[in-house]
Amino acid sequence: MEKLIDNSTIPSVNYSSMIDLLSHKAKIHPEKIVYTFLYNDNQSEINITYQELHTGAQQIAAYLQHLGLEGQRALLMYPSGIDYIKAFLGCIYANVIPVPVYPPGLSRNMLRLKSIMEDANTNMILTTSYLQSKINFHFSDELSSMDLRWISIDNISNIAAFEWSQPNIDKDSLAFLQYTSGSTSSPKGVMVTHSNILHNEAMIKLACQHNEDTVMLGWLPMYHDMGLIGNILQPLYLGARCVFMSPMDFLQKPFRWLSAISKYKATISGGPNFAYDLCLKKITDEQKKQLDLSSWEVAFNGAEPVRYETIQCFTEAFKNCGFKLNQFFPCYGMAEATLFITGNKKLTKPVFKGFCKTSLLQNKVLERPIISEDSVKIVGCGMPWIHQKVEIVNAQSLTKCAPNEIGEIWVKGESVAKGYFGREQESIYAFNNTLKGTNESGFLRTGDLGFVYEGQLFVTGRLKDVIVMRGKNHYPQDIELTVEKADQAIISGASASFSVDIDGEERLIVVAEIERKYRPRQGKEKDAIEYLNNVLKKIRQQVMEEHEIQPYAIYLLKTSSIPKTSSGKIQRRACKNAYLNHSLEVWHS
């Protein structure tokens, strides 16, 4: 599946790096506002021009160079805002490799932060003075054993921008590390180069037909690839404007998102599927009367399964606000490919197809009328752009799948990253794969399953057991570890977590074996049930605190009843099938 675009349609400016990009934009658009940050219920804003951004990045870079940090890695820990962007670009201007991370909240422990620091082999954290003191106050015990080097760059007025010295970097130089979301025990840093970013931004521009008049509006987290590459760097690449708010402002009041689109006449905005569902649930009919969404040309939907029902319901709910079906832009991507992999041309109606449910379970593709009872409705995620190639591959034989066959999605192109930082074996497995029976190499194994039908990529599931909820990946082994630590009654290495589709939404199911001595026994049922109810409460509380997921259901199972491989590994798919077939051996739930 390859889409070759005529060279005349490829953006003409050939930037050598992100430094070259911003320098060029500051020269031709010095007084143009590039970023507007909204706060105070969207009533207040902070603006920065291209020239101010360029000068600010130079000043930060000069300070980092003064500290002798060139070539080193530094965690970037900032709340959403313009300071985050300036710090990110300041690192790039200094050839300091930024590692975007999310500031730990009061309910989180420091495990993920520690894991990333160890994996990236750094103890440096760039942040603000305020956030540094706040983190030190709330996590003093955890931080006492960590040799951290805090670098605050909000008070560097003694460093001038002209002291900056442009580093010797090119397209193939490492730009930043994008850590895969969701994993707390084993996070992996994707090595994204300047070339990866520039190529991916060119693809997004071409697919969405963006230009300097494009107005981006977003709320996505900046430490996430969709927020950083899609929301923040795409407008910079275009010479356009981005208006954005914090993720929490959106989650607390989804109306803020759509009202900002209406106010600023945004042409592109979007997020994971859950964002549209949240608008459907929270925005009232009275609020809809205040909205004009007719300027919205690209409503991208990605990062988690794109749902037919959501697209249809959202279109119907907001049609009187000027929203039309062809404004939806289903897409597919991942951090290992920088961000964007496939999508349609803007203002093209999403492709919906019905496929035989039984055939799909057997990895076969057979189209059915979308309204038929035995059909599964799947949304097409478009096609690749600018010589990027997608193939459907048999995950065992590593050969190309036959037409109308489901297989692993492989991707090849300039957006595919260099690999995982410090993880040679995992990089060998995932990156630069060769399609057997051909001489084609350089493929990324995505771990996702899908098929190509009538020129569209359809994503059907995950080869890996990653659980995706609200645009975040959650690794089941991390959740299971949390479950097993919740109470002594739970048997170590005998729990499973997976997601199921319930009423159009992915829900977390947890199953765990308990020791025989805790099972309900005749004559002592009341005491046992009371104890097991407490176990359920502990599991729910721990999972919510550590992973920010609300379990839909928790089942405490009979000893030795969870399906395992001959080597003792949990068979999560078999557990899921047992749940769906009501065949779990449940003691309490």
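**Exercise 1.** State which residues the ring pairs link into a cluster.

*Solution.* The structure is a predicted model. In this model, ring pairs join Trp219, Phe250, Trp257, Phe274, Tyr276, Trp296, Phe314, Phe318, Phe323 and Phe328 into a cluster. One of these residues, Phe318, also has a charged neighbour: the charged end of Lys288 sits over the ring of Phe318, at 5.1 Å from its centre.

**Exercise 2.** Determine how many aromatic pairs a search of the whole structure finds, and describe the pair of Tyr78 and Tyr84.

*Solution.* Tyr78 and Tyr84 form a pair with 6.1 Å centre to centre and 70 degrees between the planes. Planes over 60 degrees apart count as edge-to-face, and the pair of Tyr78 and Tyr84 is edge-to-face. Both Tyr78 and Tyr84 are buried.

**Exercise 3.** Classify the pair of Phe355 and Phe451, and explain why it ties together parts that are apart in sequence.

*Solution.* The ring centres of Phe355 and Phe451 are 5.0 Å apart and their planes lie at 80 degrees, so the pair is edge-to-face. Phe355 belongs to strand 15 (residues 352-356) and Phe451 to strand 20 (residues 444-453); the pair therefore ties together parts 96 residues apart in sequence. For burial, the cut-off is under 20% relative accessible area. Phe355 has a relative accessible area of 0% and is buried; Phe451, at 1% relative accessibility, counts as buried.

**Exercise 4.** Identify the ring over which the charged end of Lys188 sits.

*Solution.* The charged end of Lys188 sits over the ring of Tyr420, 5.4 Å from the ring's centre.

Technical notes: Residues numbered from 1 in each chain as written. Predicted model: local features only at pLDDT ≥ 70, side-chain atom pairs only at ≥ 80, totals over all residues. Heavy atoms only, no water. Phe/Tyr/Trp six-rings, centres within 6.5 Å; stacked < 30°, edge-to-face > 60°. Buried < 20%, exposed > 50% of the residue type's maximum accessible area, 1.4 Å probe, protein only. Helix = DSSP H or I, 4+ residues; strand = E, 2+ residues; numbered from the N terminus. Lys NZ or Arg CZ within 6 Å of the ring centre and 35° of its normal.
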